[in-house]
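Please look over the protein below. Some questions and answers on its chains follow.

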Amino acid sequence: MYSFFDILDLLGTLAFAISGALAGRERRLDLFGMSILAFATAIGGGTVRDVMIGYTPVMWLTNLNYFFITLFGVFLAIIFYKKFNFLRYSLFLFDTIGIAVFTLIGIEKGMNVGLHPIICVTLGTITACFGGVIRDILANKIPIIFKQEIYATACILGGLMYYVLNYFELSKDILYIGTAGIIIVIRLLAVKYKWSLPFATV
Amino acid sequence: MYSFFDILDLLGTLAFAISGALAGRERRLDLFGMSILAFATAIGGGTVRDVMIGYTPVMWLTNLNYFFITLFGVFLAIIFYKKFNFLRYSLFLFDTIGIAVFTLIGIEKGMNVGLHPIICVTLGTITACFGGVIRDILANKIPIIFKQEIYATACILGGLMYYVLNYFELSKDILYIGTAGIIIVIRLLAVKYKWSLPFATV
Amino acid sequence: MYSFFDILDLLGTLAFAISGALAGRERRLDLFGMSILAFATAIGGGTVRDVMIGYTPVMWLTNLNYFFITLFGVFLAIIFYKKFNFLRYSLFLFDTIGIAVFTLIGIEKGMNVGLHPIICVTLGTITACFGGVIRDILANKIPIIFKQEIYATACILGGLMYYVLNYFELSKDILYIGTAGIIIVIRLLAVKYKWSLPFATV
């Protein structure tokens, strides 16, 4: 059976896959190029994390859900290509859920290997953000999150919240909801109020 | 002793190394840059595959043939730089043999780790194609196989053929010849008739 | 306690982190982008090496010094941004010490896993040079060391010296000083006299 958490993970993967496939379409790539960008975005962050901690074969090689969800994302991106202007907001919501859940997964994978909290938060941020970084590198652009409004910062702050809640030995449910909640709220506010980090001049 | 299969593997590696070194020469890189592009093209796909399945140290760290064949490819690329217009067709043939053999190696490595057939075909395709992807990223270009005529698709179809032949429990020889044959034939036809996947606009 | 060698390692890491952060600043990235470029430059080479030999979790996940030194480098790059024109020479010296020490670390890690000397020298060169390669790829440029004056070549020659000295069974101290010395001297001479490898046309 799938937990609520697994379903959010797959929703996030789907949103990331669609965003990757759309980026490929915009760069006028063919079906294969679109698919690679979708895979890179959806599973790139988790792959980098798993490879660095030595969790191999990496997650998507043994859990086929990631594979099929990503292909489904490519399919949706092709079918609804023109409609995605209208759907942009839902996509943004999914993406935001995605980075929240991916951050949590990254943190917990790091803890399972016994790594330091600071490193675990870093792994959470890598899981959430590096798919997009790889997507942009493959599309021959400077990664958008190096310049964009608050994105990775939301993951880092969520990660810190995780350890604050963990310190008070609250239940797993509260831990997850609190961490993901902070990430989602910061991300939504950052986009609404155009928060950005210093030094960026797009 | 080397098997016929090993020799094809080294021929493919050589073709990939030459293609990488030539790409470096065209981008006006120095000898080191040319060599890195040669190595990236020749062993990049296998390295990504080995790292993801956890087969470490990765293949070229323990089998020195890859190292010397790649250096030999750089040497040939320098010596025959101007002649490669005439040699282009042989190079294309070697490259096509290369992707066929690399696909087979990737599939079998995945099977050795007990992965699902779909994932094994993916690993075969990664082995065959990601060297070229890394070469293009290092040369600061959008990977050509994201836009080009049928290339990765030939590997994927060859991979499917592998499992069809495997299902009928045919001998290893037939399995290899059938799989590699399909890949080579599709690739040759794709280039001859300019087949391409949908959505590409170079 | 830290050995003299550890301190040189951290000095090199610091120089690499500053160079990465400055590159990010020049590309007008935000604080997060600058930090990622700093991390990529400082720990990228060691990460690629560890992942390929299967030494996981990779070094900076378990040794937090790399993490904090890199953040400190980002801090310095921001504070002294305008002063770094004057500090450029110290930075260049640190960087040169960095590649010498990183080469040594890479060679010895390879030897610990029982790899062939040629491969160990390659791993040393990767440790020293690939951080800069990843930095340039993330900044969407062709890696500078593919075109620049002698850089990786110094590491390769230093690596050969390591095995010459090792062959005569000299003490570790002489081994380290001789290897690092060769790298540093070649690098300094190469910059002073504008040595370059053939084929480069910047």
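The questions below cover the interfaces, the salt bridges and some local features.

This is a predicted model, in which local features need pLDDT of at least 70, side-chain atom pairs count only at pLDDT 80 or more, and totals for chains, interfaces and linings use all residues. Residues are numbered from 1 along each chain as its sequence is written, chains are lettered from A and ligands numbered from 1 in the order in which they are written, and side-chain values use heavy atoms, with hydrogens and water left out.

Q: How much area do chain A and chain B bury between them?
A: Contact means heavy atoms within 4.5 Å. On that rule, 27 residues of chain A touch 29 residues of chain B. Buried area is the accessible area (1.4 Å probe) that two parts lose on being put together, summed over both. Carbon and sulfur atoms carry 76% of it here, and the total is about 2400 Å².

Q: How many salt bridges does the rule find across the interface of chain A and chain B?
A: A salt bridge is a side-chain nitrogen of Lys or Arg within 4 Å of a carboxyl oxygen of Asp or Glu. Polar contacts are a separate count: pairs of N or O atoms within 3.5 Å, where within protein one must be able to donate a hydrogen and the other to accept it, and residues adjacent in sequence count only if both atoms are side-chain atoms. The interface has 3 residue pairs in polar contact, both residues at pLDDT 80 or more. The number of salt bridges across it is 0.

Q: Which element gives the most to the side of chain A that touches chain C?
A: Between chain A and chain C there are 0 salt bridges. Helices are DSSP runs (H or I, at least four residues), numbered from the N terminus. Two elements of chain A give two or more residues to this side, helix 2 and helix 6. The most, 8 residues, comes from helix 6 of chain A.

Q: Which residue forms a salt bridge with A:Lys109?
A: Buried means under 20% relative accessible area, exposed over 50%, partly exposed in between (1.4 Å probe, protein chains only). A:Lys109 is at 15%, so it counts as buried. Its partner is in helix 2 of chain A while A:Lys109 is in helix 5, so the pair ties together parts 59 residues apart in sequence. The closest N and O atoms are 3.1 Å apart, and the partner is A:Asp50.

Q: Is C:Thr103 buried or exposed?
A: C:Thr103 sits in helix 5 (residues 84-112) of chain C. Leaving aside neighbours within four places in sequence, C:Thr103 contacts C:Gly124, C:Ala128, C:Cys155 and C:Ile183. Its relative accessibility is 0%, so C:Thr103 counts as buried.
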